[in-house]
Amino acid sequence: MSTQKSERRRPLISGNWKMNHNHFEAIQTIQKLAYALNPEDYDHVDVSVHPPFTDLRSVQTVIQADDVPVALGAQNCHWETSGAFTGEISPAMLAKLDVSYVIVGHSERRELFGETDEMVNRKVDSVLAAGMTPILCVGETLDERQAGRAEAKVAGQIEASLAGVKAEMVAAMVIAYEPIWAIGTGETATSADAQQMCAYIRSLVLAKWGSGAAESVRIQYGGSVKPSNAPELMSRPDIDGALVGGASLVADDFARIVNYRLYQA
Ligand code: PGA
């Protein structure tokens with residue numbers, strides 16, 4: 001299923017800072033980003049930044065004080081609200097800081113920190129219950145792609161990570177397709193391959209949650225998105241946004257990605 005990017009789906013460009021920028025650097029980066037973007041740059045696009053936990057309060061303060069139209073995001077959370085979970089951060093704590101989006105199930109969390117689909121499913125539920133929007137990451141390894149198992153891997157992740165989630169919730173959330181071999185490697189999926197998988201993800205949502213959810217769910221592409229490739233990726237009908245790692249650390253580069261429309265043919 002391939003739909004025209006409709007009015008119903010506002011593109012979302014998200015900057016995942018990963019474990020970069022202390023809180024002083026974070027303040028500088030959000031201030032530079034605010035300076036690099038004009039009010040009209042946000043007319044057709046939503047923008048979120050996802051700093052490390054230790055920066056959230058600082059970035060929130062800048063966003064509020066200067067009225068910056070950028071949504072605050074987090075990179076992860078635990079599924080419980082509170083309790084004896086040393087080192088964890090709850091969705092309720094994030095919501096209290098005006099966090100709007102939480103990245104859930106990033107491949108680095110899955111691969112380096114042992115997150116399973118079942119854990120990701122609990123996180124999706126708890127982020128939704130706290131009134132925030134999950135950005136659910138899915139994607140295949142190079143081996144899986146070469147073995148022709150990319151779609152099966154992504155289908156399994158969607159099925160398990162969104163088990164029990166109601167259609168109206170799926171409609172409001174974000175799914176990020178991030179082929180693992182393209183993350184931080186400089187290798188980008190071709191825009192045709194990215195489009196194909198994003199359309200496939202939409203068809204999975206259609207089959208399980210119906211046309212309302214399929215038409216509304218926003219599907220991002222992530223993996224070495226840069227100012228140079230964002231315009232083409234974003235021209236594809238089923239790619240509704242980008243989850244940007246490395247290039248989001250530099251405010252001017254990220255601003256150019258947000259402004260991808262200006263560079264489209
Ligand atoms: P990258 O990271 O843009 O540095 O490849 C993307 C991501 O991991 O979200």
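# Reading burial, packing and salt bridges

Me: Is S107 buried or exposed, and what is its relative accessible area?

Reply: S107 is buried, with a relative accessible area of 10%; here buried means under 20%, exposed over 50%, and partly exposed in between, with a 1.4 Å probe and protein chains only. This is a predicted model, in which local features need pLDDT of at least 70, side-chain atom pairs count only at pLDDT 80 or more, and totals for chains, interfaces and linings use all residues. Residues are numbered from 1 along each chain as its sequence is written, and side-chain values use heavy atoms, with hydrogens and water left out.

Me: Where is the place of S107, and which residues does S107 touch?

Reply: S107 belongs to helix α4, residues 107–113; helices (H or I, at least four residues) and strands (E, at least two) are DSSP runs, numbered from the N terminus. Leaving aside residues up to four places away in sequence, S107 touches L112, I180 and I183, a contact being heavy atoms within 4.5 Å.

Me: How should I read two packed helices, and at what angle do the axes of α1 and α2 cross?

Reply: Two packed helices are described by the angle between their axes and by the distance between those axes. The axes of α1 and α2 come within 9 Å and cross at roughly 30°, which makes α1 roughly parallel to α2. Axes are lines fitted to C-alpha atoms, for helices over the stretch in contact, and angles run from 0 to 180 degrees between N-to-C directions; those under 35 degrees count as roughly parallel, over 145 as roughly antiparallel, 65 to 115 as roughly perpendicular, and the rest as oblique.

The crossing of α1 and α2 is right-handed, meaning that the near helix is turned clockwise from the far one by less than a right angle. Its contact is made by H23, A26, I27, I30 and Q31 of α1 with S58, V59, V62 and I63 of α2. By class, the contact of α1 with α2 has six nonpolar, three polar and no charged residues, where Ala, Val, Leu, Ile, Met, Phe, Trp, Tyr, Cys and Pro count as nonpolar, Asp, Glu, Lys and Arg as charged, and the others, Gly among them, as polar.

Me: Which residues of helix α2 are buried, and what do they pack against?

Reply: In helix α2, residues 56–65, the buried residues are L56, S58, V59, Q60, V62 and I63. They pack against α1, and also against β2 (46–50), β3 (71–74), α3 (91–96) and β4 (99–104).

Me: At what angle do helices α1 and α12 pack?

Reply: Helix α1 (residues 23–36) packs with helix α12 (residues 251–258) at an angle of about 45°, their axes lying 9 Å apart, and the two are therefore oblique to each other. The crossing of α1 and α12 is right-handed. On the α1 side the contact is made by T29, K32, L33 and A36, and on the α12 side by A251, D252, F254 and A255. Sorted by class, the contact of α1 with α12 has five nonpolar, one polar and two charged residues.

Me: How many salt bridges does a search of the whole structure find?

Reply: The search finds 14 salt bridges, each a side-chain nitrogen of Lys or Arg within 4 Å of a carboxyl oxygen of Asp or Glu. One of them joins D240 and R9, whose closest N and O atoms are 2.9 Å apart. D240 lies in the loop between α11 (230–234) and β8 (241–244), and R9 in the segment before β1 (12–16), so the pair ties together parts that are 231 residues apart in sequence. Both D240 and R9 are buried.

R145 and E140 also meet in a salt bridge, at 2.6 Å from N to O; R145 is partly exposed at 24% relative accessible area, whereas E140 is buried at 0%. Between E144 and K153, the closest N and O atoms are 3.0 Å apart in a further salt bridge. Salt bridges that share partners join R9, R202, D238 and D240 into one network.
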